[in-house]
Amino acid sequence: MGYSKNLGAGLFAMPLLAPAVLASDPDPLQDFCVADLDGKAVSVNGHPCKPMSEAGDDFLFSSKLAKAGNTSTPNGSAVTELDVAEWPGTNTLGVSMNRVDFAPGGTNPPHIHPRATDIGIVMKGELLVGILGSLDSGNKLYSRVVRAGETFLIPRGLMHFQFNVGKTHASMVVSFNSQNPGIIFVPLTLFGSNPPIPTPVLTKALRVEAGVVELLKSKFAGGS
């Protein structure tokens, strides 16, 4: 009798625990679902599928990451995305990639991927990689200079950055366990949001004068 009660309680609890173990995109229900990016069908996760008769086989291959990006930007870096919008074949498969190129002194500024863990490899040069823990870890900064051929791991949802500490151009490739990992650039989000975050909110949060906030907002006006 006791065994039956325990079994019943366990079966009852399993549906309650299930949402806690879903840590990535939903599993696909077919071999391929090449995204119909112009499709009008309603879709909760991902995009509707193209008919396989129209998909061809190019969706399995991409050369987009073969070319270095233009690092003549304010950050001195260039991100080449290869998510579902750029590679429709990744639709429903729960994977995507980025290539990031850095000029000397260039940075991929502090940012967060809200829907994915990422794992990266430095292809050229040397990058200071920093990961910021949550309040649970005392906001600890975990950092290391990562050189060509070495790898790093960024847990889902943690703020992180990369900075080229070398004297030559550097590059890295990062893989995500989501077809659409999302990105929140912290400086741009704080000071370039649309509509803007009210200045009194930022002066209180950052403990600075209003003039400092307005100066920072001017730097990120227009989402640049």
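This is a predicted model: local features need pLDDT of at least 70, side-chain atom pairs count only at pLDDT 80 or more; totals for chains, interfaces and linings use all residues.

Me: Are R99 and D101 buried or exposed?

Reply: Both R99 and D101 are buried.

Me: OK, and how many salt bridges does the count come to?

Reply: The count comes to three. Another one joins E126 to R147, at 3.1 Å between the closest N and O atoms. That pair links distant parts of the chain, since E126 sits in strand 5 and R147 in strand 6, 21 residues apart.

Me: Why does E126 count as partly exposed?

Reply: Its relative accessible area is 24%, and partly exposed covers the range between under 20% (buried) and over 50% (exposed). R147 is partly exposed too, at 43%.

Me: Which side chain does K64 meet in a salt bridge?

Reply: The side chain of E86, at 2.7 Å from N to O. K64 lies in the loop between helix 2 and strand 1, while E86 is in the loop between strand 1 and strand 2, 22 residues apart.

Me: Switching topic: what's in the largest nonpolar core?

Reply: That core has 14 residues, and those with the most contacts inside it are F102, L127, V129, F152 and M172. Strands 2, 5, 7 and 9 each give two or more residues to this core.

Me: Which strand gives the most?

Reply: Strand 9, with four residues.

Me: And what is V129 in contact with, leaving aside its neighbours within four places in sequence?

Reply: Its contacts include Y142, V146, F152, I154 and F161.

Technical notes. Residues are numbered from 1 along each chain as its sequence is written. Side-chain values use heavy atoms; hydrogens and water are left out. A nonpolar core is a set of buried Ala, Val, Leu, Ile, Met, Phe, Trp, Tyr and Cys residues joined through side-chain atoms within 4.5 Å. Buried means under 20% relative accessible area, exposed over 50%, partly exposed in between (1.4 Å probe, protein chains only). Contact means heavy atoms within 4.5 Å. A salt bridge is a side-chain nitrogen of Lys or Arg within 4 Å of a carboxyl oxygen of Asp or Glu.
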